[in-house]
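Here's a quick tour for anyone opening this one up for the first time. Have the sequence and the 3D view side by side as you read.

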Amino acid sequence: MELFDVYPLFDIQIVKGKGCHVWDDKGTEYLDLYGGHAVISIGHAHPHYIEKISQQVGTLGFYSNSVINGLQQELAHRLGKACGYDDYALFLINSGAEANENALKLASFYNGRTRILSIQKAFHGRTSLAVEATDNAKIIAPINANHHVTYLPMNDTAAMEQELAKGDVCAVIIEGIQGVGGIQLPTDEYMQALRAACDAHDTVLILDEIQSGYGRSGRFFAHQYNGIKADIVTVAKGIGNGFPMGGVLISPKFTPVYGQLGTTFGGNHLACAAALAVLDVMEEEHLVENAARVGEYLIHELKQIPQIKEVRGRGLMIGMEFEQPIKELRLRLLKEQHVFTGVSGTHVIRLLPPLCLSMEEAQEFLRRLKSIL
Ligand SMILES: Cc1ncc(COP(=O)(O)O)c(C=O)c1O
């Protein structure tokens, strides 16, 4: 059997990682400004993470959600404190798409409605409702095109208020910072008006912090810059530093109902051990603060480079937009300078490094980038 060929691959096999560096099978070292797509939060192969996961797999890797799992309870308490949503409840699953799927489902159970508002260029995952809320016709299969979703222009308060005023909207789903869409930031004014309009019309406000959350923006959640709270927050990627996991943070206004949500693997012992180790390291090494500090430096320095048309972002979630397509530049960064980066569309290079990126590593990246511009 061969692999189902859906990924355009670089001809590189990564076999080892440490901190913000990865190595291929030929021994070449790369600086990782991509974090395996915003997944690596505390750095590759962190010793504490290795120890906690190894201990757990040697004790109990999995048991079902039909018995008490103390690690889940500990994770809920710790995460609530770390992110400032300590009166919310946590539901655990295995991926970002599942987190959004459950968030949208919960919203519909709550107010009985079926219309969703999403934002133009949004990405929310590849499963049924999550993909329908994703503004990319190419990945919405006919079976997923069920006309639940209206896409709104980002930061257009009047358009948003007009749709919500119809009174039939189940939920608005919005990324804390748009990632796939090219690192686009919602304004404070827009987010505050959105919060008010959702309250006025009993619409559920879902913040997708799967890419922008878990400290990446320099705050625990990117929407915390906007001075609002969500009814539901979805997380994944950084929560497990590579261990597949997702979470739904749920306001006390939702009443849990036995059997309404559920999963076999979600919140298993091994995943919880990974997520607890991530929180330990984030706190011990002040990684949210590090993302803010190193990110601010990087953004400032990138803005001085005349060849870059625009630099957008917060913390260690940064988009560099170029006048010309970036395909060639990204390939040179990888092949000649041994730097991994991400992309958004054809003109934006996306930086999503581990949150432990040091000032020296940021400077090293700037040096390598400038040498080929
Ligand atoms: C903002 C956002 N939401 C949802 C997802 C889907 O997450 P997953 O690939 O874990 O299903 C992603 C993944 O890139 C994302 O960036």
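Predicted model: local features only at pLDDT ≥ 70, side-chain atom pairs only at ≥ 80, totals over all residues.

Residues are numbered from 1 along each chain as its sequence is written.

**Two domains**

- The chain is assigned domain 1 (14–46 + 286–370) and domain 2 (48–284), with bounds that come from an automatic or database domain assignment.
- Taken over C-alpha atoms, the centres of domain 1 and domain 2 sit 25 Å apart.
- Where they touch, domain 1 puts in 26 residues and domain 2 puts in 28 residues; a contact here is two residues whose C-beta atoms, placed from the backbone, lie within 7 Å.
- On the domain 1 side, the elements giving two or more residues are α1 (35–38), α9 (287–303), β11 (310–314), β12 (317–321) and β15 (348–351). Helices (H or I, at least four residues) and strands (E, at least two) are DSSP runs, numbered from the N terminus.
- The largest share of that side, five residues, is from α9.
- By type, that side of domain 1 splits into 14 nonpolar, nine polar and three charged residues. Ala, Val, Leu, Ile, Met, Phe, Trp, Tyr, Cys and Pro count as nonpolar, Asp, Glu, Lys and Arg as charged, and the others, Gly among them, as polar.

**Around the ligand**

- There are 14 residues around the ligand, and S95, G96, A97, G125 and Q211 come nearest; a residue counts as near if its C-beta atom, placed from the backbone, lies within 6 Å of the molecule.
- Helix α4 (residues 96–111) gives the most to this shell, with three residues.
- The shell is made up of five nonpolar, seven polar and two charged residues.

**The opening strands**

- β1 and β2 (residues 21–24) pair in the antiparallel sense over four bridges; pairing takes at least two DSSP bridges between the strands.
- K16 stands opposite W23 in β2, and W23 stands opposite E29 in β3.
- The β1–β2 hairpin has two residues between the strands, and G19 takes a positive phi near 60° there.
- β2 and β3 (residues 29–32) also pair in the antiparallel sense, over three bridges.

**A look at K18**

- You'll find K18 in strand β1 (residues 14–18).
- K18 counts as partly exposed because it has 13 C-beta neighbours inside 10 Å; buried takes 20 or more other C-beta atoms within 10 Å, exposed 12 or fewer, and partly exposed is in between, with C-beta atoms placed from the backbone.
- Leaving out residues up to four places away in sequence, K18 touches H44 and A45.
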